[in-house]
Amino acid sequence: MLFKISLSNIRKSIKDYAVYFFTLVLGVAIFYVFNAIETQTAFIKMNETQREIINILTQAVSGVSVFVAIVLGLLIVYASRFLMKRRNKEFALYMMLGMSKWRISALLLCETVIIGIGSLVVGILIGTGLSQVMSAVVANMFEADMNDYRFTVSASAITKTIIYFGIMYVVVMLRSGVVISKCRLITLMNSGRRSEKITMKNPWLCVIVFLISAAVLGWAYYMVGWDYAHLNSKKMLLAIALGAVSTFFIFWSVAGMLLRVIMSAKGIYHRGLNSFTFRQISSKVNTTVASMTVICLMLFVTICTLSTAFTIRNSLNKGVEDNFPADFYGYFALYLHDSDDLDRYGTGDIDDVYAQQNMSIYDDFGECCHFHDYADGRLTLDDLLGDRREEMTADSVSVYAMMDFDISFLKLSDYNALMKLYGMKQIELADGEYAICANASGMPEIYDKFLEDSPEITSFGKSFKPSSKKCIRNSFYPDMQPSNTGAIIVPDSAVSEEYRGIDYFVGNYSATDKKGKEAAEKTARENWDYTMRLYQGDGYMRHLETRIEAANDAVGIGAIVTFLGIYIGFIFLVSCGAILALKELSESADSLPRYTMLRKLGVEEKEITKSIFRQSGIFFLLPLLLACLHSYVGMRFGKVGLSMIVGSGYTKPILFTAGVLIMIYGGYFLLTFLGSKAIVKEQK
Amino acid sequence: MSLLRLNNIEKYYGNRSNLTKAVDDISFSVEKGEFTAIMGASGSGKTTLLNCISTIDRVTAGHIFLEDTDITTLKGKALNKFRREKLGFIFQDFNLMDTLTAYENIALALSIQKRPANEIDKAVKTVAEQLGITDVLSKYPYQMSGGQKQRVASARAIVTEPKLVLADEPTGALDSKSSKMLLERFNYLNKEQNATIIMVTHDSFTASYASRVLFIKDGKLFNEIIRGESSRKEFFDKIINVVTLLGGDMSDAL
């Protein structure tokens, strides 16, 4: 009997529950898909590095899953509380008919169980389907072989999903039980009668509050997005807190402010249904200030997370392509005992290291280039730029511009040999000339400014003039990202071997195909490690990077970042969409008499649809707009923070993010609009 | 020619096996400037009749003409346009938009006709003066008394200068003092503004303000009395007599 009542209840309020159910299914599916990655990829052929990356990814996902579960849990509690409120009258009827509170609680329990099991089953089914797609995505990312792939269902992920969501549902049941046991019949009965009183705020107060919040927000923006040179963690926290608080007050006042503004334009306000539409929106926004704030902040986090994740991934992949033009790169240097600085390294020769084991590094490579950099004492960026440093680095948004580092010299012949190896443009220098090469973000521009009035520099007892007013935009060594903060190239005759610094080796394997290169790399790496380990001599540093390794790392880090970004982003978007949709749909149901009224007044169906579209549109757009503004500033700041690793543009990632946003958030909007239209149309 | 003509209106509910004749062959006409009350017990079909006239409901058979238009054949946009421009509604439960001020509620009826803003302002202020609600124009419905709300609703109904004002139990939710005030306003609108009003009520006192009362019983026209030159008190007594004739729950409604 109880089961029957609850089933029919669900069927009756299916419109209210549809969005709730849809959200639960989406939540379950996303949760399953990401937690099933490990099992899904078990059948894909991968190398060890890739396997390790998958392991890291799995661990990260299960960590993030706890957070995701909390977010979803809060969403579910919010949604169920919301739906219960709408059914107060129904509960009142049950009580009047003599049903005990226990039985009502049991009824609710029944409903939650039905919805819970339903959403889990449907969600896991959809999730299983989606995770096959996910496997293909992973395989594609790692360029792995999918021939052995089979349709897989992850038992561990299913168990995990059931446990996590089970806990959430139990919390919801307990909560609704407590709520029912506490409520009183008279309040339940009265809650059905919608109070005519509507929270109307003083419009002028709204305008003032809005202006103040906008100003405060602007100041917080300025601190984070423009004045970051003076930013410290305390100021940062203050800016975040101010941002959140002013966001709240902007939503508190925006409706009243807009209304005030539009009302003063009588021609617009009293045209068609405009007055009705704007009043509807303002009453909706005024009663949803807290949720709006939370949604706006969540959207902000989502936009930043997603676009940053995509940016990192793109620039990592592109970075290796552009900045790693050789197969193998290593350097070696001895610890300098006679130096005053503790961290000074210099001299040393890789050839000697290999020779000690009667080997030669040249055996492992086809084309290669072995060279040193040179230094006469210590030249840092500060020394080079001198008094004008502040002025030259002032407009730069790069982190590099705020740091100080050593600048070394290269011989022209070494540089040209390297460029030949990389397939890049060689340069010419006359006697007594120099050139600067750099590509770390922001640095070339700083050197351009430095070179503007052809400053002479003095080193190795000689002075040099710049050969060009432009800094060469490249790096003399391969790396995953553009990281060359600057090197000065001088004619060979200018330096002698006594100034030798770090010893570099850059080479390509003689093999041309992928397999051959992998084999060659194995040997080269083994030999490098072997000789270095056995090197006799105290204190040295060495470093090795290869193109294959860099590419794998790039893909791996990129994959982890993207997956986590999408995971959190999806969940956040679903939560935001669900809250707004629930609110808007229930508002529409409550407003039904108003629409009936409008119809009696002879308003066209088209006008009503237009009004509904505008209402849901603005309702969804408001938090999104502010979130976009937040994100713009957030990403401006992020650009500075990420300039160490991010070189490529932001356009594509932002388009990606917009795509995801439109898909999920836009999907919820469409669902809401169509749902509202149906609710309003329903009875004539 | 009469403003409104009803020719053999029928409205059936249900199906073949279980048929309810809510309106059973009713014909009458209303002249321009008339104030007509339709009386009847609950379930007599008076509200159904009004709904048919107001095009909210469709007739099963018969024709309704407003001037030259057969409104039973109107559909979709034309129907909405007709409702918007030719009719004014007043309901028992006011049906004001609780999110709008009184001013905006009245203006809404004009703005959905896409009238220019300055014209709207003038019209709203004029009608507010006529109904004595100028001082509540900036208030929201929840800040007004029932009588004020109903007068705002009446203002909304007549601000568009409709051919016909339809009122469904306008005094149903009002106390006697507010009722009297509202009905006096109706009289004023009828006499001074020459508004044609059809009002459905089951209250003899309310009906006594009309110039003509139609009685409906079980979906049929039962009786009709015209006030003529008699005073409201005399007319009221006449109505009571008919109501007594009608018997049943009508007398309970008194």
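**Figure 1. The contact between chain A and chain B draws 22 residues from chain A and 24 residues from chain B.** Two residues are taken to be in contact if their C-beta atoms, placed from the backbone, lie within 7 Å. This is a predicted model, in which local features need pLDDT of at least 70 and side-chain atom pairs count only at pLDDT 80 or more, whereas totals for chains, interfaces and linings use all residues. Residues are numbered from 1 along each chain as its sequence is written, and chains are lettered from A and ligands numbered from 1 in the order in which they are written. On the side of chain A that touches chain B, α11 (266–269), α12 (274–286) and α21 (592–600) of chain A each supply at least two residues, and the largest share, five residues, comes from α12(A). Helices (H or I, at least four residues) and strands (E, at least two) are DSSP runs, numbered from the N terminus. By class, this side of chain A divides into seven nonpolar, seven polar and eight charged residues, where Ala, Val, Leu, Ile, Met, Phe, Trp, Tyr, Cys and Pro count as nonpolar, Asp, Glu, Lys and Arg as charged, and the others, Gly among them, as polar.

**Figure 2. Domain 3 and domain 4 of chain A have centres, taken over C-alpha atoms, that are 46 Å apart.** The domain assignment, which is automatic or from a database, divides chain A into domain 1 (1–193), domain 2 (194–271), domain 3 (273–329 + 549–684) and domain 4 (330–548). Where these two domains touch, 22 residues come from domain 3 of chain A and 27 residues from domain 4 of chain A. On the domain 3 side, α13 (289–323), β1 (328–335), α20 and α22 (605–642) of chain A each supply at least two residues, with α20(A) giving the most, six residues. That side of domain 3 of chain A comprises 13 nonpolar, five polar and four charged residues.

**Figure 3. The largest nonpolar core has 246 residues, and those with the most contacts inside it are A:I489 and B:I106.** Such a core is a set of buried Ala, Val, Leu, Ile, Met, Phe, Trp, Tyr and Cys residues joined through C-beta atoms within 7 Å; a residue is buried if 20 or more other C-beta atoms, placed from the backbone, lie within 10 Å of its own, exposed if 12 or fewer, and partly exposed in between. Helix α20 (residues 547–590) of chain A gives the most to this core, with 21 residues. Neighbours within four places in sequence aside, A:I489 is in contact with A:L410, A:L412, A:Y415, A:L429, A:Y434, A:A435 and A:C437. A second, separate core of seven residues includes A:F91, A:A92, A:I104 and A:L107.

**Figure 4. Six strands of chain B form an open sheet of mixed pairing, in the order β6-β7-β8-β3-β9-β10.** Two strands pair if DSSP finds at least two bridges between them. The edge strands, each pairing on one side only, are β6 (87–90) and β10 (220–226) of chain B. Within chain B, strands β7 (residues 164–168) and β8 (residues 197–201) run parallel and are joined by four bridges, and B:L166 stands opposite B:I198 in β8(B).

**Figure 5. A:A144 lies in the loop between α6 (101–141) and α7 (155–182) of chain A.** This residue counts as partly exposed because A:A144 has 18 C-beta neighbours inside 10 Å. Not counting residues up to four places away in sequence, A:A144 touches A:I44, A:K45, A:M46, A:Q50 and A:A139.
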